Amino acid sequence: MADRYAVIGNPVAHSKSPWIHSEFARSTAQDIEYIALEAPVDGFARTVEDFRASGGKGANVTLPFKEQAYRYCTDPSAAARSAQAVNTLAFSEGRIHGENTDGSGLLRDLTVNLGRTLGGRSVLLLGAGGAARGVLGPLVAAGPARLVVANRSPDKARELAARFERGVEAVAFDSLAGLSFDLVVNATSAGMRGEAPPIPPSIFGKGALAYDLVYGRDTPFLALARASHCDTSDGLGMLIEQAADSFHIWRGVRPDTRALITALRTR
Ligand code: ATR
């Protein structure tokens, strides 16, 4: 029988993960089965237990369960501890390894697929919720000259920045006037409501990249960046790269991602 994996979320029917992982399995000649599992909002642990009992070898975890998955795993990685959230579980011999590949997926998309350098550059992260927490550690590790977190509630930005010993500044949106950055990452959920975070167009420096973690929709944030003649990217590449990192953890082989990114863009 093929090894079994799943993406667990609520809702989960829209997830592209089953398709992505079956494509990875095909391209690497791995025999796996990957399904979407909707857990009741109060039934995450039970759903994982049932899946493990039925022979599940690992799972991706998506909204709203990433923080619960962090508390549930027995062996969180450094990235999972930094994010206090887990998007990848691997089960072996009674242990539950918890990993967070969101940040590594973003970094790989930025540096490998989009050809950007972060070392010595200025980076602005918009938002201080779960999505921002998931990517901040790897952004810090990439060594930007300046890393600023801006959030509507500045206290949350300060709390997030304080988790790092040094190098992360926290500001309110109205303190962004007069600043400009090489990379602006939108980790707010403003786009879900058809809004842009309240940023001045001057934050996009010359040759800057504006990156929205959301994929599959043209957000007001990206439209604002385009109007400022800035390069833009949605989070589709990050989606595929974080999945490839999960696949690597489970199967020991990292699939080629480029063809899949192109295929999903034109799907
Ligand atoms: P997620 O896990 O997707 O990050 P979250 O934890 O609810 O979701 O965080 C949502 C983020 O988007 C927060 O940073 C939120 O700002 P607040 O902390 O001040 O609430 C931000 N956000 C949501 N709507 C926004 C808007 N219209 N403008 C600016 N920021 C917004």
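Reply: What follows takes the helix packing first, then goes on to the sheet.

The model is predicted, so local features need pLDDT of at least 70 and side-chain atom pairs count only at pLDDT 80 or more, while totals for chains, interfaces and linings use all residues. Residues are numbered from 1 along each chain as its sequence is written, and side-chain values use heavy atoms, with hydrogens and water left out.

Start with helix H9, residues 236–251. Helices (H or I, at least four residues) and strands (E, at least two) are DSSP runs, numbered from the N terminus.

H9 packs against helix H5 (residues 102–113). Their axes lie 7 Å apart, at an angle of about 120 degrees. H5 is therefore oblique to H9: angles under 35 degrees count as roughly parallel, over 145 as roughly antiparallel, 65 to 115 as roughly perpendicular, and the rest as oblique. Axes are lines fitted to C-alpha atoms, for helices over the stretch in contact, and angles run from 0 to 180 degrees between N-to-C directions.

H5 crosses H9 in a right-handed way. A crossing is left-handed if the near helix is turned anticlockwise from the far one by less than a right angle, and right-handed if clockwise. Who touches whom? On the H5 side, the contact includes Asp-102, Arg-108 and Asn-113. Among its residues from H9 are Met-238, Glu-241 and Asp-245. Contact means heavy atoms within 4.5 Å. The residues divide into two nonpolar, five polar and five charged. Here Ala, Val, Leu, Ile, Met, Phe, Trp, Tyr, Cys and Pro count as nonpolar, Asp, Glu, Lys and Arg as charged, and the others, Gly among them, as polar.

H9 also meets H1. Their axes come within 10 Å and cross at roughly 55 degrees, so H1 and H9 are oblique to each other. H1 passes H9 in a right-handed crossing. H1 brings residues including Ile-20, Phe-24 and Ala-25, and H9 brings residues including Leu-239, Phe-247 and Trp-250. That contact has nine nonpolar, three polar and no charged residues.

Pro-11 sits in the loop between strand E1 (3–9) and H1 (17–28). The peptide bond from Asn-10 to Pro-11 is cis, with omega near 5 degrees. Ala-29 lies in the loop between H1 and strand E2 (32–38). Ala-29 has a positive phi of about 55 degrees, although it is not a glycine.

Now the sheet. Six strands form an open sheet in the order E9-E8-E7-E10-E11-E12, with parallel pairing. E9 and E12 (231–233) stand at the edges with a single partner strand each, so one side of each has no neighbour in the sheet. From one strand to the next, the twist averages 20 degrees. Two strands pair if DSSP finds at least two bridges between them.

E8 (residues 146–150) and E9 (residues 168–171) pair in the parallel sense over four bridges. Leu-147 has Val-168 as its bridge partner in E9, and Ala-150 stands opposite Val-171. With helix H7 (residues 154–161), E8 and E9 make a right-handed β-α-β unit. A crossover is right-handed if, with the strands pointing away from the viewer, the path from the first strand over the helix to the second runs clockwise.
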